[in-house]
Amino acid sequence: MTEHVLPASPFFFVRHGETDWNSAGRFQGRSDIPLNAKGLEQAAAAARQLAHEQAECIVTSPLERARQTAEAIRAATLLPLHTEPDLTECDFSPLEGTSISTRMKLAGITRKDELPQILPADGESWGKVKARALRAVHRWSARTEAPVIFVGHDAVLQALSETLTGTWFNAEHGQPYRFTRAGRNWSATPLGG
């Protein structure tokens, strides 16, 4: 990945609150599933965590679960809210709606960072997810020195983390993560953790 697409400044990323499909462990992708009751609580908790952070704006995926989370954050922060299609979840195509654990077992993989190996050819490649996630974060963070709050999905968050920090991590629903840079090294830490 070339240097010019890396984020220009620190930023926050919030994985949307839980949906019924998340609770059931299903690939969710482009299906526009709303937050469940627990997800709404998680969105409200994320909003409380971010209420006193100095940020420029909120940028969200257009999918409803992310928009609902972003709206809760906007209500608490009074920041401008923008929609960014490049933050949309990965297109899992025929995997959509199927059990993640079953697909992992069938493919003989045991770690979530191995999921890119089983992405279907008629879906979206992992390289494309990484490229558009970085493009979106770079585009918005280049506009300001203040952090931007991005709201999106696990695959997009893992794509950013893999590229910037070299690792995946267990991203909790509704948890804000702060991405910061020291020299050429990035880190992702849970806000309030």
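This is a predicted model: local features need pLDDT of at least 70, side-chain atom pairs count only at pLDDT 80 or more; totals for chains, interfaces and linings use all residues.
A residue counts as buried when its relative accessible area is under 20%, as exposed when that area is over 50%, and as partly exposed in between.

Ser 93 belongs to the loop between strand 3 and helix 4. The backbone angle phi of Ser 93 is near 50°, which is a positive value in a residue other than glycine. Leu 78 also has a positive phi, of about 60°, although it is not a glycine. The loop that holds Leu 78 runs between helix 3 (64–77) and strand 3 (81–83). With a relative accessible area of 74%, Leu 78 is exposed.

Helix 4 covers residues 100–107, and Ser 101 is part of it. Ser 101 has a relative accessible area of 40%, so this residue is partly exposed. Between the C-alpha atoms of Ser 101 and Glu 64 there are 24 Å in space, while the two residues are 37 places apart in sequence.

Gln 28 gives another picture. It sits in the loop between helix 1 (20–24) and helix 2 (37–50). Its relative accessibility is 5%, and therefore Gln 28 counts as buried. What does Gln 28 touch, not counting residues up to four places away in sequence? The residues touched are His 16, Thr 19, Trp 21, Asn 22, Ile 33, Arg 65, Phe 92 and Glu 96. Gln 28 and Thr 98 are 70 residues apart in sequence, yet their C-alpha atoms are 8.3 Å apart in space.

Next come the aromatic rings. A pair of such rings is described by the distance of the centres and the angle of the planes. Across the whole structure, a search finds six aromatic pairs. In one of them, Phe 11 and Phe 179, the ring centres are 4.6 Å apart and the planes meet at 5°; this pair is stacked because its angle is under 30 degrees. Phe 11 lies in strand 1 (residues 11–15) and Phe 179 in strand 5 (residues 176–182), so the pair ties together parts that are 168 residues apart in sequence. Phe 11 is buried, at 1% relative accessibility, and Phe 179 is buried at 0%. Together with Phe 150 and Trp 186, these two residues form one aromatic cluster.

Rings also take part in arrangements with charged groups. The charged end of Arg 26 sits over the ring of Trp 21, at 4.0 Å from the ring centre. Likewise, the charged end of Arg 143 sits over the ring of Trp 140, again 4.0 Å from the centre.

Two packed helices are described by the angle between their axes and the distance between the axes. The axes of helix 5 (residues 126–141) and helix 6 (residues 154–165) come within 9 Å and cross at roughly 85°. Helix 5 and helix 6 are therefore roughly perpendicular to each other. Residues of helix 5 that make the contact include Trp 126, Val 129 and Leu 134, and those of helix 6 include Ala 155, Leu 160 and Leu 164.

Last, the cysteines. How many disulfides does the structure hold? It holds zero. Cys 57 is buried, with a relative accessible area of 6%, and Cys 90 is buried with 1%.

Key
Residues are numbered from 1 along each chain as its sequence is written. Side-chain values use heavy atoms; hydrogens and water are left out. Rings of Phe, Tyr and Trp (its six-membered ring) pair if their centres lie within 6.5 Å; planes under 30 degrees apart count as stacked, over 60 as edge-to-face and the rest as tilted. Helices (H or I, at least four residues) and strands (E, at least two) are DSSP runs, numbered from the N terminus. Buried means under 20% relative accessible area, exposed over 50%, partly exposed in between (1.4 Å probe, protein chains only). A charge sits over a ring if NZ of Lys or CZ of Arg is within 6 Å of the ring centre and within 35 degrees of the ring normal. A disulfide is a pair of cysteine sulfur atoms within 2.5 Å. Axes are lines fitted to C-alpha atoms, for helices over the stretch in contact, and angles run from 0 to 180 degrees between N-to-C directions. Angles under 35 degrees count as roughly parallel, over 145 as roughly antiparallel, 65 to 115 as roughly perpendicular and the rest as oblique. Contact means heavy atoms within 4.5 Å.
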